[in-house]
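Please view the structure first and then read the points below.

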Amino acid sequence: MVKLFIKPFVMFAMEHGVMGAPKYGVKAGWAYRISKGIATLEKNFTEGFRGKKGIMPTRGGRSSLSDNEVKTAIAYMINAIK
Ligand code: HEM
């Protein structure tokens, strides 16, 4: 169920690749981010993140996401490039 929720969200909301966001499934954009550690990525997604490439809104703009859904979403994106 979580997967059904997360997948269309990731794909639809951005397919990460829009407006400077690291593209879903493309290793090059993710390697240095993953080296920051998963906890940092979860925090940056939860609080919103402004980097050199652009701005990600708090929880990707979905304030209704629970902390568990945040963790699932991050794991989902990281798993895609393993
Ligand atoms: C489920 C949805 C999403 C997840 C799990 C997600 C996750 C992430 C993560 C983990 C990063 C890396 C943060 C870092 O380097 O510390 C990132 C970067 C970014 N995200 Fe998202 N994101 C989501 C949705 C969105 C949406 C909807 C937008 C735009 C409206 C967006 C825009 C960006 C941008 C622009 C960056 C790069 C910022 C920079 O390095 O300058 N993201 N995202």
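The model described here is predicted. Its chain has 4 helices and 2 strands, and around the ligand there are 28 residues.

**The chain as a whole**
- The chain has 82 residues, of which 11% count as buried.
- When contacts between residues at least 6 apart in sequence are considered, 55% of them join residues at least 24 apart.

**The surroundings of the ligand**
- Among the 28 residues that surround the ligand, the closest are Gly 51, Lys 53, Gly 54, Met 56 and Gly 60.
- Two or more residues of this shell come from each of the following elements: helix H1 (2–13), helix H3 (38–47), strand S2 (55–56) and helix H4 (67–79).
- The element that gives the most to the shell is H3, with 4 residues.
- By residue class, the shell divides into 16 nonpolar, 8 polar and 4 charged residues.

**A residue in the loop between S2 and H4**
- Gly 61 is located in the loop between S2 and H4.
- Gly 61 counts as exposed because it has 12 C-beta neighbours inside 10 Å, and a residue is exposed if it has 12 or fewer.
- In sequence, Gly 61 and Thr 46 are 15 residues apart; in space, their C-alpha atoms are 9.6 Å apart.

Conventions. Residues are numbered from 1 along each chain as its sequence is written. This is a predicted model: local features need pLDDT of at least 70, side-chain atom pairs count only at pLDDT 80 or more; totals for chains, interfaces and linings use all residues. A residue is near a molecule or strand if its C-beta atom, placed from the backbone, lies within 6 Å of it. Ala, Val, Leu, Ile, Met, Phe, Trp, Tyr, Cys and Pro count as nonpolar, Asp, Glu, Lys and Arg as charged, and the others, Gly among them, as polar. A residue is buried if 20 or more other C-beta atoms lie within 10 Å of its own, exposed if 12 or fewer, and partly exposed in between; C-beta atoms are placed from the backbone. Two residues are in contact if their C-beta atoms, placed from the backbone, lie within 7 Å.
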